[in-house]
Amino acid sequence: MSGLEIRELECFLVLAEELHFGRAGERLYVSQSRVSQLLAALEQRIGARLVERTSRRVRLTPLGERFHAELNPAYAELAGVVERARESARGVEGRIRIGFQGTADARLMAAITAFQKRHPGCVAEIAEVPFADPFGAVRHGEVDAAIVLLPVAEPDLVLGPLFSRQQQTVAVSVRHPFASRTSLTPADLVDTPLISATPPAPAYWREAQAPSPVPAPAVRTLQEGLTLVAADRAAMLLCRPTAEYHGRQDVVFVPVDGLPDSVLGMVWHRDGETERVRAFARALAESGATDESGAADDAEAPAAA
């Protein structure tokens, strides 16, 4: 076994599949003569012929067939060991903590499932992010990244894949005049008090979630907001999946045509970017996220609610 070359084994496995020196060379990105050289070196190392080659066909010898049957799973296991070591070196193991605002809907769960399948050595944990503090959990290290409502204009945060572009709805009490409407427009909301978030949510973010000049209560949590809505104290903007998830008998959710869509984005701290975070961002982008992304300090990020 001294001096065993992995390239010789790779060459034999590919040739055993193709049974053609030219096609094997194409797959290995080497010349046909190099395939012959690698095979000859392996056969010399073993001490017997593994492949029979004539002008009409290429086939494995009985020893070559046995060697292939035993080598193939061993090589696959070896490749897996190398890949797992590479992932370990990149840091895709342990756990990653993902925060979310609103609802952990099917798109987010699909991303988590895809991430877990791709990186079985890394456990994804999820935690709800308070409505009134979209960025605090990331800043304080409570989560590694978070799915939050846009806009995001925080110099210390990175805005990754955008996610779940949805029509907005307005939540109103069953006693509210809008409760009987099938849809609304932005003009209908001009004189409507809209519930906003309390600090520490930034002012620009609070205004995006409640784009109305009429004074209205501010809340810390989504449930506080829906309770005030049910009491007919004010209305509240929510994306459609969150509205559907939080459906209740004393609150009606009416679609609003003409408002910017609600958009979620994945954010993480600039000093906390790890391979785990980058790997989850890739899974999110591949599992139903939009194809848009932007910088965290992009002041032109679309408003959402």
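A: What follows goes through the salt bridges pair by pair.

This is a predicted model, where local features need pLDDT of at least 70, side-chain atom pairs count only at pLDDT 80 or more, and totals for chains, interfaces and linings use all residues. Residues are numbered from 1 along each chain as its sequence is written, and side-chain values use heavy atoms, with hydrogens and water left out.

A salt bridge here is a side-chain nitrogen of Lys or Arg within 4 Å of a carboxyl oxygen of Asp or Glu. The rule gives 18 salt bridges.

Take Glu154 and Arg139. Their side chains form a salt bridge at 2.5 Å, N to O. Glu154 lies in the loop between β5 (145-149) and β6 (157-166), and Arg139 in helix α6 (residues 136-139), so the pair ties together parts 15 residues apart in sequence. Helices (H or I, at least four residues) and strands (E, at least two) are DSSP runs, numbered from the N terminus. Glu154 is buried, at 8% relative accessibility. Arg139 is partly exposed, at 36%. Buried means under 20% relative accessible area, exposed over 50%, and partly exposed in between (1.4 Å probe, protein chains only).

Glu275 and Arg278 also form a salt bridge, at 3.2 Å, N to O. Both lie in helix α10 (residues 275-286), three residues apart, about one turn of the helix. Glu275 is buried, at 11%. Arg278 is partly exposed, at 33%.

Salt bridges with shared partners also join Glu17, Glu18, Arg23 and Arg27 into one network.

Arg59 pairs with Glu52, their closest N and O atoms 2.9 Å apart. Arg59 is partly exposed at 38%, and Glu52 is partly exposed at 32%.
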